[in-house]
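Biologist: I have a sequence and a model open side by side, and I would like to learn how to read them. Could you take me through the features one at a time?

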Amino acid sequence: MRSPHAATRLAVLFIACSAARVQADNDFHGFVQGNYAVRAVDAECPVGFDCSVMRAEERLQLKLDLASSDGRVGAFGRVDFVYDTLRREAATDIRELSTNVDLRWISLRVGRQVVTWGLGDLVFVNDVFPKDFVSFLTGAPLEYLKLGSDGIRVGLYPGFVNAEVVLIPVFQPDRVPSGSPLFYFDPMASVASRAVELPPVHYRNMQAAARIYRSVGRYELALYVSRGFYGTPAGRPDDPAAPTQLIFFYPRLMTYGASLQGPVLDGVLSLEGAYYDSVNDRSGVNPAIENSQARGLAAYQLQPWEDASLSVQYYVEAMMKHAAYVNTLPPGFPERDEFRHLVSVRFRQMMLHQTLQLGLFALGSPSDEDLYVNPSIRYQVADELWAEVGGNIFWGQRRSTFFGQFEDNSHVYGTIRYGF
Amino acid sequence: MLKWICAVVAVVAGAAIAYADDAKLDANAVVRRSQDAFYSAGSDMKARVSMTLMAPGGQKRVRELTMLRRNEGKDGHQKYFIYFHQPADVRGMTFLIDKFADKDDDRWLFIPGVNLVKRIAARDASQSFVGSDFSYEHVSGRDVAADTHRLVREEQVNGKDCYVIESLARQDSEYKRKLAWIDKASFIPLKEEYYDGKNELFKVFTADEVKDVGGIPTVVKRTMTNKKSGHSTVVVFADVGYGLGIESELFSERYLKDPPKKWVQ
């Protein structure tokens, strides 16, 4: 369980104090869920450890939505109580816990909240907010890919243009694989000792992000800027000549981006781009730190027939200092291409009065020669109950590419959820 | 003599054409007034909508939502804001439809779990609305010019005098031909029959209960039955209100994410 930061504690206090005074109209709901995943490939499990089951957990989520009768003040909480059958551990996971004030021109939300920006489908261009790749890689429902951020979100709505500003006082990294039962590419596997250096808590290390958006006819235009850190860590050996310890740290990152979305012919066209300014290594000579990048995305979504949707997406990222990166890359490290291309297709067909949903998502890179495929079937057994089975299949020509490294994590998952 | 015959034929033919034109005009006017009465009454509208989907085997599924509508002008431009209360899986989802008379809707869906507003491609207004037997067109209306209308007869339904209008689809539609019994007094459709390409009846709509809400006749209970599959959907409108002053700002990304409690409870 992540311990709540000051903003969240404040929200708890506020909710406790105001709950008694807030008028009815309250909304108390949640779900009970079982979620299981079994490895679909033979993998070399650590000695004495059966790693064939990747996820086996039961979860109770309680959701409380409070609001004053005029709707101006409210609070929202989503808390999961999890029992991990694999590790025989119980845990509490505060997914969201925040309080909000809504006025005509301005809104304020303080506490833990999920922020999602941008138009990518499992590809992130201007969404710099924390993600949980471990949940994603072990068969959790997709909503668990997004982590809440402890911070303040201010919305400004003067009308001709709207804006959102998010301040996150304490840096929160992505949750990335770091050991069993997940396999991933580790270029310095021989260095067993690991340490993590988080940016110190300091106002200069506060993450800030802003989005300005407006509609232009039937099109939506948005501009984005953010200041913070890479969510996934960089690895720095304590002594490059004879490393005894690998130190994971989070380099600084500034991003500038834009997006445009609107109808074209019978579908919806999405365009998004961003410049990733790798502040700690603008010259590209530090191989541990990501190069500055330009990222671009184009997607098109349409309805080929009733109850079906099809979307295709193309994404490219370009390293800005590829020559410098190649020159300083230590021997033995796999070299990345200057351009990384990704193509995805998502198809969904609903049947039986939209109670049965067949899904297929494939995301692959022709340049990296790797692929991720997610077939799924979900059936709404009754209004309160659904069950889904699917697979998260990873494949790569090499184990050093993004999806290739996860090949041995390919799995079949099942989820059953009863909502109330 | 031949001249006279020609003249008489011309006059009769002209009168017949003029009569046919009148009938056509009348049918169009009836359909237009019916659309206005059924889909555009008041400057805005709010209702708590309960849809019960009934499978031939008897299994029931319930969708509950709050629907807010605002008319944006005289050209048929409307905005719909829909908040889902039930089933549990979609609770808190919101749906925004920007509806135009002569082009495809713009649609946005808000998914609360990931706090994401997603724009959805919408080409086909005749597709099912949330899995029910009603289509988007049944919820928000169909362009009058999308069909050719003809007044075929007049008859009573439940003791009410009705125009019976036949509409032949000129544009893409789930039906080829439709017969509508439109109440002469309120212009509310009391019954509709939908025929497919083989001219076989496949759907029947009935207005089961019409209530006066602030002077506006409102269908508070309606049923659509699929005659081929045996599946049917019963829709009940509760807490209906018109001219409530629903703000235009409501139909925005901001309120999709944070639906105002005063409208969606």
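Biologist: How many helices and strands are there in chain B?

Modeller: This is a predicted model. Chain B has four helices and 13 strands. Its C-alpha atoms fill a box of roughly 85 × 45 × 35 Å along the principal axes. Of its 265 residues, 34% count as buried.

Biologist: What share of the contacts in chain B joins residues 24 or more positions apart?

Modeller: The share is 43%, taken over contacts with a separation of 6 or more.

Biologist: Moving to chain A, what is its mean pLDDT?

Modeller: The mean is 91, and 94% of the residues of chain A reach 70 or more. Over residues 19-25 of chain A, however, the pLDDT is below 50, and this stretch has nine contacts in the model beyond near neighbours in sequence.

Biologist: Next, strand pairing. In which sense do β3 and β4 of chain A pair?

Modeller: Strand β3 (residues 73-84) and strand β4 (residues 89-102) of chain A pair in the antiparallel sense, over twelve bridges.

Biologist: What does β4(A) do with β5 of chain A?

Modeller: β4(A) pairs with strand β5 (residues 106-113) of chain A, again in the antiparallel sense, over six bridges. D102(A) stands opposite S107(A) in β5(A). These two strands form a hairpin with three residues between them.

Biologist: How should I read a nonpolar core?

Modeller: In soluble globular proteins, nonpolar side chains tend to be buried together. The largest core in this model has 30 residues, and V115(A), L297(A), Y372(A), F394(A) and F403(A) touch the most other members. Several strands of chain A give two or more residues to this core, including β7 (162-168), β14 (267-277) and β19 (370-382). The largest share, three residues, comes from β10(A). Apart from this core lies another, of 23 residues, among them M45(B), A47(B), Y83(B) and V90(B).

Biologist: Which residues does L297(A) touch?

Modeller: Leaving out residues up to four places away in sequence, L297(A) touches L119(A), G120(A), V123(A), V125(A), E272(A), Q313(A) and Y315(A).

Biologist: Which strand is joined to β15(A) by ten bridges?

Modeller: That is strand β16 (residues 308-319) of chain A, which runs antiparallel to β15(A). A294(A) stands opposite A318(A) in β16(A). The hairpin of β15(A) and β16(A) has five residues between the strands, and D307(A) in the turn has a positive phi of about 60°. β16(A) is also joined by eleven bridges to strand β17 (residues 339-351) of chain A, antiparallel as well. There, L310(A) stands opposite F347(A) in β17(A).

Biologist: Is A323(A) buried or exposed?

Modeller: A323(A) lies in helix α3 (residues 322-328) of chain A. A323(A) is exposed because it has 10 other C-beta atoms within 10 Å, and the cut-off for exposed is 12 or fewer.

Biologist: Back to chain B for the backbone. Which residues does a cis peptide bond join?

Modeller: The bond joins Q86(B) and P87(B), with omega about 0°. P87(B) is found in the loop between β3 (78-86) and β4 (94-99) of chain B.

Biologist: And where is N158(B) found?

Modeller: N158(B) is in the loop between β7 (147-157) and β8 (160-169) of chain B. N158(B) has a positive phi of about 50° although it is not a glycine. N158(B) counts as partly exposed because it has 13 C-beta neighbours inside 10 Å.

Biologist: What is phi of D239(B) near?

Modeller: Phi of D239(B) is near 50°, a positive value in a residue other than glycine. D239(B) lies in strand β13 (residues 232-242) of chain B. With 11 C-beta neighbours inside 10 Å, D239(B) counts as exposed.

Methods: Residues numbered from 1 in each chain as written. Chains lettered and ligands numbered in written order. Predicted model: local features only at pLDDT ≥ 70, side-chain atom pairs only at ≥ 80, totals over all residues. Buried ≥ 20, exposed ≤ 12 C-beta atoms within 10 Å, placed from the backbone. Contact = placed C-beta atoms within 7 Å. Pairing = 2+ DSSP bridges. pLDDT = per-residue confidence, 0-100. Core = buried A, V, L, I, M, F, W, Y, C linked by C-beta atoms within 7 Å.
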